[in-house]
Protein chains: 2
Amino acid sequence: MNSERIQIPTLLAKVKTAQEAAALIEDGMVVGSSGFTRAGDSKAVLQALAERAQSNPLKITLLTGASLGHDTDGLLAESHALYKRMPFQSDNGLRSHINDGEVLFIDQHLGETAELLQAENIHPIDLAVIEVAMIRADGQLIPTTSVGNSATFVQQAKQLIIEVNMAVPTSIAGIHDIHIPERYPFRKPILIEKVDDRIGSIGIEFDPAKVVAVVFTNLSDSAATIAPPEAKTDAIAAHLIEFFEKEVHKGKLSYHLLPLQAGIGKVANAILQGFVNSPFEGLTMYSEVLQDSTFELIDAGKMDFASASSITVSKEWYQKLFINFERYKDKILLRPQNISNAAEVIRRLGVIAINTAIEFDIYGNVNSTHIYGTKMMNGIGGSGDFARNAYLSIFVCQAASKNDTISHVVPMVAHVDHTEHDVDILVTDFGLADLRGLAPRERAKVIIENCAHPDYREALLDYYTRALEKGGQTPHLLGEALSWHERLQKMGRMTSELERVASIQ
Amino acid sequence: MNSERIQIPTLLAKVKTAQEAAALIEDGMVVGSSGFTRAGDSKAVLQALAERAQSNPLKITLLTGASLGHDTDGLLAESHALYKRMPFQSDNGLRSHINDGEVLFIDQHLGETAELLQAENIHPIDLAVIEVAMIRADGQLIPTTSVGNSATFVQQAKQLIIEVNMAVPTSIAGIHDIHIPERYPFRKPILIEKVDDRIGSIGIEFDPAKVVAVVFTNLSDSAATIAPPEAKTDAIAAHLIEFFEKEVHKGKLSYHLLPLQAGIGKVANAILQGFVNSPFEGLTMYSEVLQDSTFELIDAGKMDFASASSITVSKEWYQKLFINFERYKDKILLRPQNISNAAEVIRRLGVIAINTAIEFDIYGNVNSTHIYGTKMMNGIGGSGDFARNAYLSIFVCQAASKNDTISHVVPMVAHVDHTEHDVDILVTDFGLADLRGLAPRERAKVIIENCAHPDYREALLDYYTRALEKGGQTPHLLGEALSWHERLQKMGRMTSELERVASIQ
């Protein structure tokens, strides 16, 4: 069994316990780890490191693909083992340590981390911890359910710790397409012209001499939490499906649409599920994450091919997937995240990008990351990679929440992740605003009328009307622009009544 | 002479006066015009249209490459002939009509306008007005000093008005490289791997049957205004040159650097001129605009090749250039702006992007466009196209202005064009902040210490220190964040003294 999973004999001698491997990580190191949206993450060594740090303090800088599963980020944060963390996280425990300022967090476009490492614009990786399904005799590591930044980490790290996960069948070999762009100034085009184009190898080439430990694990990925159907997400999905149908009727798109990208979470899942009973067919994805809905669309005969950087599914689908792996294997491809999120490929393929906003403002600027404009939620993820270069850049969120005491359509977002330049369509449960070809003053009216919760429309319109008196390309009342967030911070709610804030003007 | 300039005989019969041609433009039309940073713009027909609109009112939507010369934008605005304008302008007269709300202005990434037209995400062009040096027998239009969006306008317009500018020598033929990307879903890579790679034809293919008028002109482009050497811009340039030297000494870059992009204006010009007496050599540009400094660097033997979408030079250089055109002809190339500004090419080549900010905040977010966050200055131009995908994204501005009563480093920018994700280096006359690999809390200290004017450092640090007490990834005091801009709006100045604004908290 071991010699099937580890086909390079010298590496069998490097097999260690997770604790022994974790002991090789030194204080101050920059560690790169596999893991993207909780898929294919380190399941033993980083946990052992967190445990070790409790008795034997150390701090590392940790880079991953994206979020980790198994509470790893939280455990590391609780053990005070993190000095700096990038490019993404979604852990409750880590989040509070970030907002307390204990952990320095760099919120990065997911497509750029590997680029920054290669260009030496951030500190190089000292040691990488990479989950694999097997180590092939030809010197290739076969990743598991994600690729993330693993290829670049493996290439750059001086030391490698490899976790061989026995829970992932070796039949997974073949679904990865590993390509590392050339270094400046010798870069070549990324020659993907269709979502299923292969441009690389099935595994990550590595130098066995760099391996300092091999650790066996036998654990599934943390399952995606399944959100039950909900009226608001269904309404958002319905508005979007109706919009796509209209685009088809206008002759702008065919029923195959163009390759879809959908952010992670219940809204994206609901939208994709909305395609199951629709006239759309021959769909494709060029995305970051494959979720339950991707495989449901494949089963329904609606999805022809899906490319991403990870598979993040529910417990039920995780098992189903590997039992029937041959059914899906030739319909999916996992790529490094600097390829799945490459500006070049996104623009060339004409991706339709659907991402979730925390809030947006009356001019179409989007906040994806910061509560009250100050507290980090998860991070920008790949939303910026896709929104900037998409054929259509769509952002969705509920119009209001917490018994409608919070409006997600605001006068001015308290933090900007995506500027109005990069936002084509906004959708809430109340409706869809098509902003294409509209100037800011036109956008304001359409957004308030179509997307805002009715309880807040009057107040938004009142703000806009009074701002208009002061003129400008993007009319605002500076003394009042962030007052809705101030009320939220102070009183836990925005308000539906017009409460003019004492302005210094 | 006419038959050298117009080599398709049937078109000789279409020669009209500017007034006759302007009469063909109808109320409500969407008009596309050549012109990019005042180069290669319409010099007769749009002016005649402005004149006509005074007695015979009409309103059009006008798309260009970028800004126009000869006060054309202002004349059209004064005549109330503009309903909507995109993607850029820099005209004093038009600016006030935009901020009054009379003219709807869409501030667009310059690399995206042609993409939006091709994808039918904005209204198609009805009629195009294109300046050319000649109409070739083989059915190609030879542009003059810019390409801009002309190729896409010509392809899409139902009617064409061609201005043949006798002031531009026909020897200009050969410096253009015209390539129009394929339509979705059949797009191919843009195969530029070096700044001097040619991928298209020397002219714009067109259908002679679409031509409704040919108008002769004999006028130079509006000259770039030459800013005299100034202590502040020289200081900014010196900080940057010093930074580049350090990167070379660290082994990260060679003395050839990587292809440079520099925004238009005196700061960019000063920086490029800074290379003349420096150890750098074998430089290249992959930019939007070629300014005086480009040709000075060619003359100094420092610049090997420069690619852009236009040539915008001083009166002196305009003459010099065409007299000695053979000296420069094989060292420059003009491309459509969706190629000069293509994300794909910028990332592949590893462009070093240097753009001007109006202001930036303590976390590195940049405002490039809006005074007080509300009034449009010029537009985002290509700064976003380059900043997002550059190898290094650099923004420069003076630390303070108007006798230092306005700080250009602020607690929170009042409008965001470039988020902190896309900003690597900030430079003012006081110093340079290298933000690579820094989290927001680290950025704040470096930006305040290195870039802020000394008069404002204490107040910025005080704001940051008090914001820190509230915690968060990006600490802010919402009631105070925009107060510096409120004071500016109200009193015409920010302040160096700590004046806590009455907060509602």
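1. Contact here means heavy atoms within 4.5 Å. By that rule, 100% of the interface residues of chain A are interface residues in chain B as well, so the two copies meet through the same surface. Note that this is a predicted model.

2. The symmetry of the pair comes next. Chain A superposes on chain B by a rotation of 180°, with 0.0 Å of shift along the axis and an RMSD of 0.0 Å. The two copies are therefore related as by a two-fold rotation axis. Within chain A, A:Glu344 has the C-alpha nearest that axis, at 2.1 Å.

3. Now a helix pair in chain A. Helix H10 (residues 266-274) and helix H11 (residues 292-299) of chain A pack at an angle of about 5°, and their axes lie 9 Å apart. Angles under 35 degrees count as roughly parallel, so H10(A) is roughly parallel to H11(A).

4. Which residues of H10(A) and H11(A) make the contact? H10(A) contributes A:Asn269, A:Leu272 and A:Gln273. From H11(A) come A:Asp292, A:Ser293, A:Glu296 and A:Leu297. By class, the contact of H10(A) with H11(A) has 2 nonpolar, 3 polar and 2 charged residues.

5. Chain A also has an open sheet of 3 strands, in the order S18-S17-S24, with mixed pairing. Strand S18 (366-367) and strand S24 (409-410) of chain A are the edge strands, and each pairs on one side only.

6. One pairing in this sheet can be followed to a residue pair. Strand S17 (residues 359-361) of chain A runs parallel to S24(A), joined to it by 2 bridges. A:Phe360 has A:Val409 as its bridge partner in S24(A).

Key
Residues numbered from 1 in each chain as written. Chains lettered and ligands numbered in written order. Predicted model: local features only at pLDDT ≥ 70, side-chain atom pairs only at ≥ 80, totals over all residues. Heavy atoms only, no water. Pairing = 2+ DSSP bridges. Helix = DSSP H or I, 4+ residues; strand = E, 2+ residues; numbered from the N terminus. Least-squares fit on C-alpha atoms with pLDDT ≥ 70 in both. Axes fitted to C-alpha atoms, helices over the stretch in contact; angles between N-to-C directions. Parallel < 35°, antiparallel > 145°, perpendicular 65-115°, else oblique. Nonpolar A, V, L, I, M, F, W, Y, C, P; charged D, E, K, R; others polar.
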